[in-house]
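Hi,

Here is the structure I said I would pass on.

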Amino acid sequence: MREIQPLPRWARFEASARDDAKTAAFLAGANLLALDQILRSGEAGGEPVFSGALRQRLALKAAATCARLSRFREDETALRDAEHLGGGGETSPAGRVHRLFRLFASRCVRLDVATLSLAAEHVGAQDAVNVQELADALRKVVANASDPLAAAAAASEAATSYLAAVSPIDGEIFALWFADVALAQKLGWQAPVPLLATVIAHPALRSGPNGRRPRPGDRDWSNALAGVYALAAGEAMDLAGALSRQTQKLFDAAPKLRAKDAARVIEMLLDDDCVSAARVAKRAKLSDRSARRLFDRLTELGAVRELTGRANFRLYGL
């Protein structure tokens with residue numbers, strides 16, 4: 001597996017670049033190009049094997065940020081537990097936002113009525129938005145945009161105007177989601193990557209005497225967007241590098257595993273933020289005891305990490 005080099009220091013977004021539109025745009029372009037190359041570094045120019053885990057780990061980060069902005073109680077730990085130990089049934093408003101961003105890894109997201117209707121349900125906006133008009137408007141602005149950043153800005157601004165009947169924070173979350181969809185379509189990615197919402201509350205992006213964070217619909221949103229993407233793409237690259245190294249450890253450990261269907265377990269780890277032993281037992285047709293022993297062995301070998309710190313109801317990931 002090709003080693004992912006860290007971003008050079010000059011490409012790191014800092015607060016000093018926030019008010020310099022040209023510098024922010026340059027850094028956004030450079031960092032998105034680097035992320036694009038990672039997403040094309042797999043076999044035959046496809047995505048790397050850990051791309052599912054990358055998207056789902058970023059989805060968790062995006063949801064936790066949105067939950068904090070919405071003044072929900074859930075943090076990353078609570079959101080992870082709800083999704084992976086809750087059985088897939090009804091969840092909280094914060095949990096629905098998590099599932100909104102998890103859509104990025106589960107399907108090729110399109111700006112069509114079916115997809116937008118599903119997305120609207122995740123923020124409780126299904127009765128407040130004419131999804132047909134919204135889909136038409138978003139497809140038009142993305143098609144007419146001159147570059148990926150322009151597409152993301154136009155899509156998020158258009159979404160904001162159509163979401164006037166939704167609460168401001170739900171509308172903002174929805175608009176950030178749309179921006180990432182538009183960006184991915186312009187860049188030709190197989191599926192969007194959660195980016196904007198992962199860093200939108202970062203202190204380096206705040207400006208003015210009150211330290212206001214950038215929001216879709218702001219007068220200078222197009223300029224601010226470049227800085228947000230510069231920061232988000234850089235952090236996504238750092239995560240991709242860490243996941244790439246961990247994936248290599250997992251591959252190195254694979255020949256030492258005796259459990260049947262160990263290959264299926266490895267595939268599940270590469271596809272998601274984390275998995276439980278119970279889910280692995282069901283999907284890979286292992287006994288509960290065999291699944292637990294497998295994860296004990298993988299943890300011993302440094303191939304996976306136990307993410308909860310608990311003795312029971314454990315979750316494992318890259």
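This is a predicted model: local features need pLDDT of at least 70, side-chain atom pairs count only at pLDDT 80 or more; totals for chains, interfaces and linings use all residues.

Below is what turned up on helix packing, and then on pockets and a cavity.

Residues are numbered from 1 along each chain as its sequence is written, and side-chain values use heavy atoms, with hydrogens and water left out.

**Helices against helices**

Helix names follow DSSP runs (H or I, at least four residues), numbered from the N terminus. Axes are lines fitted to C-alpha atoms, for helices over the stretch in contact, and angles run from 0 to 180 degrees between N-to-C directions.

Start with α6 (residues 131-144) and α7 (residues 148-162), which pack at about 155° with their axes 9 Å apart. The crossing of α6 over α7 is right-handed, meaning that the near helix is turned clockwise from the far one by less than a right angle. On the α6 side the contact (heavy atoms within 4.5 Å) is made by Glu 133, Leu 134, Ala 137, Leu 138, Val 141 and Val 142, and on the α7 side by Ala 154, Ala 155, Ala 158, Ala 159 and Tyr 162. Sorted by class, that is 10 nonpolar residues, no polar ones and one charged. For the classes, Ala, Val, Leu, Ile, Met, Phe, Trp, Tyr, Cys and Pro count as nonpolar, Asp, Glu, Lys and Arg as charged, and the others, Gly among them, as polar.

α7 also packs on α10: their axes come within 10 Å and cross at roughly 120°, so α7 and α10 are oblique to each other. This crossing of α7 and α10 is right-handed too. Here Leu 149, Ala 152, Ala 153, Ser 156 and Glu 157 of α7 meet Trp 221, Ser 222, Leu 225, Ala 226 and Tyr 229 of α10. The class count for α7 with α10 is seven nonpolar, two polar and one charged.

Then there are α3 and α4, with axes 10 Å apart and an angle of about 75°, so α3 and α4 are roughly perpendicular. Leu 79, Glu 83 and His 84 from α3 touch Ala 94, Gly 95, His 98, Arg 99 and Arg 102 from α4. Their contact holds two nonpolar, three polar and three charged residues.

Leu 79, Ala 82, Glu 83, Thr 91, Gly 95, His 98 and Arg 99 line the cavity, and α3 (76-85) and α4 (93-106) each supply at least two of its lining residues.

The largest pocket holds about 600 Å³ of space. Its lining has 23 residues, and His 84, Leu 85, Ser 276, Ala 278 and Arg 279 lie nearest the centre. α3, α4, α12 (277-283) and α13 (288-300) each give two or more residues to that lining, and α4 provides the largest share, four residues. The lining of this largest pocket splits into seven nonpolar, seven polar and nine charged residues.

The second largest pocket has about 290 Å³ of space. Of its 18 lining residues, Arg 18, Ser 207, Pro 214, Asp 220 and Ala 224 are the closest to the centre. Two or more residues come from each of α1 (21-38) and α10 (221-253).

Cheers

How values were computed. On a 1 Å grid over the protein atoms alone, a cavity is a set of points where a 1.4 Å probe fits but cannot get out, and a pocket is an open set with protein on both sides within 12 Å along at least five of seven lines; lining residues have an atom within 4 Å of a point. Grid points are joined across faces, edges and corners, and a volume is the space filled by probe spheres set on the points. Angles under 35 degrees count as roughly parallel, over 145 as roughly antiparallel, 65 to 115 as roughly perpendicular and the rest as oblique.
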